[in-house]
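Q: I am new to this structure and would like to learn how to read it. Could you walk me through it, one feature at a time?

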Amino acid sequence: MERNSRPVYSSETGRLCPACSRPIANCACKRTSTGAASDGIIRLRYETKGRKGAGVTVITGLDTGSGDTRDFIKTLKKKCGTGGTVKPEQVEIQGDHRETVKKALEIAGFKVKGA
């Protein structure tokens, strides 16, 4: 009889990759993010849902894993004069800074689209 279960979390290492069952940081299969990011277009949107009315500008489609991109995001947050966070598939910048972010991304050579 086959077992139809697999571990998804380890208290020792945290989240595990669903494909190779290794910790996400040491994933052997190097899974890419969702297909939406693979088209080369950066998407911007403004969200307030689930944040008690406080809005954030959400940027999707950036490769958040590379060091150069993280430096660019840090500069972008300074330009907006606010904080934010980098998540595996998106960047959140506190407040409504869609126009500022769009201009900065276009100057950096990205194709940007409002979502």
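A: Gladly! Let's begin with terms: helices (H or I, at least four residues) and strands (E, at least two) are DSSP runs, numbered from the N terminus. The expected span of a helix is 1.5 Å times one less than its number of residues. This is a predicted model, where local features need pLDDT of at least 70, side-chain atom pairs count only at pLDDT 80 or more, and totals for chains, interfaces and linings use all residues. Residues are numbered from 1 along each chain as its sequence is written, and side-chain values use heavy atoms, leaving out hydrogens and water.

Q: Which elements does the chain have, from the N terminus on?
A: The order is β-β-β-β-α-β-β-α-β, which comes to 2 helices and 7 strands.

Q: How many residues does helix α1 have, and how far does α1 reach?
A: Helix α1 covers residues 67-80, 14 residues in all, and reaches 20 Å from its first C-alpha to its last, close to the 20 Å expected. After α1 comes glycine 81, with a positive phi near 70°.

Q: Which residues of α1 are buried?
A: Buried means under 20% relative accessible area, exposed over 50%, and partly exposed in between (1.4 Å probe, protein chains only). In α1, the buried residues are Thr69, Ile73, Leu76 and Cys80. Seen down the axis of α1, these fall within an arc of 60°, so they line one face of the helix; the arc is that of the directions from the helix axis to the C-beta atoms. The general idea is that an α-helix has 3.6 residues a turn, so residues three or four places apart point the same way. Turned away from the buried side of α1 is a face with the exposed residues Asp68, Lys74, Thr75 and Lys78.

Q: What do the buried residues of α1 pack against?
A: Contact means heavy atoms within 4.5 Å. The buried residues of α1 pack against strands β4 (56-60), β5 (84-86) and β6 (90-94), and against helix α2 (98-107).

Q: What is the order of the strands in the sheet?
A: Two strands pair if DSSP finds at least two bridges between them. Here 5 strands form an open sheet in the order β5-β6-β4-β3-β7, with mixed pairing. β5 and β7 (111-114) are the edge strands, each pairing on one side only.

Q: How do β3 and β4 run, and how many bridges join them?
A: β3 (residues 41-47) and β4 run antiparallel, joined by 5 bridges. Arginine 45 has valine 58 in β4 as its bridge partner.
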